[in-house]
Amino acid sequence: MSEKERKELRHLWAGLVAEFRASGLGQAQWCCQNGYKVRHLHYWLRKFPATDAAASETMAWVPVVPDREATP
């Protein structure tokens with residue numbers, strides 16, 4: 001594979017990874033709907049890690065309140 005082909009493939013998957021993340025679907029469901037193999041998506045997800053901004057939109061702290069009656 002030439003350098004140009006590698007760049008094109010990386011560009012293609014950068015867009016696909018962005019589409020996957022925006023979809024809100026699980027990996028298997030997204031791949032099934034779009035005709036890709038889960039292992040390929042998983043590979044490219046590692047190449048394009050989520051940014052802190054994207055991760056903060058989907059993750060949040062949850063308060064934990066101890067059950068005082070359960071404490072010995």
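This is a predicted model: local features need pLDDT of at least 70, side-chain atom pairs count only at pLDDT 80 or more; totals for chains, interfaces and linings use all residues.
User: Start with H1. Why does its end-to-end distance agree with what a helix should span?
Analyst: H1 covers residues 3-23, which is 21 residues. At 1.5 Å a residue that should span 30 Å, and the end C-alpha atoms are 30 Å apart, so the two agree.

User: Which residues of H1 are buried?
Analyst: Trp13, Leu16, Val17 and Phe20 of H1 are buried. Their arc around the axis is only 105 degrees, so they sit on the same side of H1.

User: And what covers them?
Analyst: The cover over the buried residues of H1 includes H2 and H3.

User: What's on the face turned away from that buried side?
Analyst: That face of H1 carries Lys4, Lys7, His11 and Ala22, which are exposed.

User: What follows H1?
Analyst: Glycine 24 does, and its phi is positive, near 80 degrees.

User: OK, switching to H2 and H3. At what angle do they pack?
Analyst: H2 (residues 27-34) and H3 (residues 38-47) pack at about 115 degrees, and their axes are 9 Å apart. The crossing of H2 past H3 is right-handed.

User: Which residues make that contact?
Analyst: From H2 you have Gln27, Ala28, Trp30 and Cys31. H3 brings Val38, Leu41, His42 and Leu45.

User: How many of those are nonpolar, polar or charged?
Analyst: In the contact of H2 with H3, six residues are nonpolar, two are polar and none is charged.

User: Which residues of H3 are buried, then?
Analyst: Leu41, Trp44 and Leu45 are the buried residues of H3. They take up an arc of only 110 degrees around the axis, so they lie on the same side of H3.

User: Zooming out, what share of the chain is buried?
Analyst: Buried residues make up 14% of the 72 residues in the chain.

User: And what share of the contacts is between residues 24 or more positions apart?
Analyst: Counting contacts in the chain with a separation of 6 or more, 46% are between residues 24 or more positions apart.

Key:
Residues are numbered from 1 along each chain as its sequence is written. Side-chain values use heavy atoms; hydrogens and water are left out. Axes are lines fitted to C-alpha atoms, for helices over the stretch in contact, and angles run from 0 to 180 degrees between N-to-C directions. Helices (H or I, at least four residues) and strands (E, at least two) are DSSP runs, numbered from the N terminus. A crossing is left-handed if the near helix is turned anticlockwise from the far one by less than a right angle, and right-handed if clockwise. Contact means heavy atoms within 4.5 Å. Ala, Val, Leu, Ile, Met, Phe, Trp, Tyr, Cys and Pro count as nonpolar, Asp, Glu, Lys and Arg as charged, and the others, Gly among them, as polar. The expected span of a helix is 1.5 Å times one less than its number of residues. Buried means under 20% relative accessible area, exposed over 50%, partly exposed in between (1.4 Å probe, protein chains only). The arc is that of the directions from the helix axis to the C-beta atoms.
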